[in-house]
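These are my notebook entries on a single chain. I set down what I looked up, entry by entry.

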Amino acid sequence: MTAYDLFLAPFADFGFMRRALVACLCLGLGSGPIGVFLMLRRMSLMGDAMSHAVLPGAAIGYLVAGSQSLTAMGLGGLIAGLSVALLSGAVSRMTVLREDASFASFYLASLALGVLIVSLRGSNIDLLHVLFGTILAIDAPALYQIGAITSLTLVILAAIYRPLVAECFDPGFLRAVGGRGPVYHVLFLLLVVLNLVASFQALGTLMAVGLMMLPAAVAQLWSRSLPVMMLIATVSAATSGYLGLIASYHLELASGPTIIMTAALFYAFSILFAPSGIARRLFPRPHLKG
């Protein structure tokens, strides 16, 4: 088998592989930077909760308009995800519950409601489609939607980059200079939900957060500069998508889980060999002696 057969032939020969690759590249561009900010804000597990929170809205859109109406499913997921985010924030401010506890409560209820909605009128195949996604079934309308979400994410992220960084590292300073911290927080949550909706089309609700958090963890192990971390996360997510599709094609594996496992292998390699990884701690370089 030549290098062409191994790395390029699947995309040259099959349109569905090309569409899946473009979807992975778009998801990497949008989800990578968002995952870095989630990790810096210590909201990694909240991202996972949000990915489950979109399920009931997507399930309602699926049952109302069918599996072909990605717009209905995406809009339903967006409404459900934002509702859970805003409601959990409101509950944490009006009660003694911390925000992580209210998030956990709402996302568990949302996950159960979504599975219940699908099981009432759908089949096991429908449920697997919603939970695990079908990246090889991505068509042109789905690509347009994913591309639009990625473009909107990059534009909004560029517009709010500086206040978002300030709100991450020193929210007290942002309040002192009259910055609208809650506004940027809501905009950031909107970007998180939008990218989870885009990932949900390809990877399903259970693994949508995988291309968001695993590359972000890889980036944090390799760099301490925020722009470099965002670049590493983007490249890592896109590369995981490409190599995962290649591996799933040649080994006849499910594409979505293979992509996430590829990202997990990058993470495992980084844990061992990154500048802040285990190998550097166990075998430090000797200091130069004068």
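**Entry 1. Helix 13 and helix 14.** I began with the handedness of this pair: helix 13 passes helix 14 in a right-handed crossing. I worked from a predicted model throughout. Helix 13 spans residues 210-222 and helix 14 spans residues 226-251; I found that their axes come within 8 Å and cross at roughly 130 degrees.

I then listed the residues that make the contact. Helix 13 contributes Leu211, Pro215, Ala216, Val218, Ala219, Gln220 and Trp222. From helix 14 come Met229, Ile232, Ala233, Ser236, Ala237 and Ser240. Sorted by class, the contact of helix 13 with helix 14 holds ten nonpolar residues, three polar ones and no charged ones.

**Entry 2. Ser236.** I asked which residues Ser236 is in contact with, leaving aside its neighbours within four places in sequence. I found Pro215, Val218 and Phe266.

**Entry 3. The end of helix 14 onward.** I looked up Glu252, which is found in the loop between helix 14 and helix 15 (255-273). Its phi is positive, about 55 degrees, although Glu252 is not a glycine. Is Glu252 buried or exposed? With a relative accessible area of 71%, I noted Glu252 as exposed.

**Entry 4. Helix 4 and helix 5.** I checked how far each of these helices is covered. Helix 4 (residues 44-53) has seven of its ten residues buried, so I noted helix 4 as largely enclosed by the rest of the structure. The buried residues in helix 4 are Met46, Gly47, Ala49, Met50, Ser51, His52 and Ala53.

Helix 5 (residues 55-65) is mostly covered, with eight of its eleven residues buried. For helix 5 I wrote down Leu55, Pro56, Gly57, Ala58, Ala59, Gly61, Tyr62 and Leu63 as buried.

**Entry 5. Val84.** I located Val84 in helix 6 (residues 70-94). Its relative accessibility is 6%, so Val84 counts as buried. Not counting residues up to four places away in sequence, I found that Val84 touches Ala53, Phe106, Tyr107 and Ser110. Ala53 is one of the buried residues in helix 4. I also noted the pair Val84 and Ala109: they are 25 residues apart in sequence, and their C-alpha atoms are 9.8 Å apart in space.

**Entry 6. Cysteines.** I recorded Cys24 as buried, at 0% relative accessibility. Cys26 has a relative accessible area of 17%, and I recorded Cys26 as buried as well.

Key
Residues are numbered from 1 along each chain as its sequence is written. This is a predicted model: local features need pLDDT of at least 70, side-chain atom pairs count only at pLDDT 80 or more; totals for chains, interfaces and linings use all residues. Side-chain values use heavy atoms; hydrogens and water are left out. Axes are lines fitted to C-alpha atoms, for helices over the stretch in contact, and angles run from 0 to 180 degrees between N-to-C directions. Helices (H or I, at least four residues) and strands (E, at least two) are DSSP runs, numbered from the N terminus. A crossing is left-handed if the near helix is turned anticlockwise from the far one by less than a right angle, and right-handed if clockwise. Contact means heavy atoms within 4.5 Å. Ala, Val, Leu, Ile, Met, Phe, Trp, Tyr, Cys and Pro count as nonpolar, Asp, Glu, Lys and Arg as charged, and the others, Gly among them, as polar. Buried means under 20% relative accessible area, exposed over 50%, partly exposed in between (1.4 Å probe, protein chains only).
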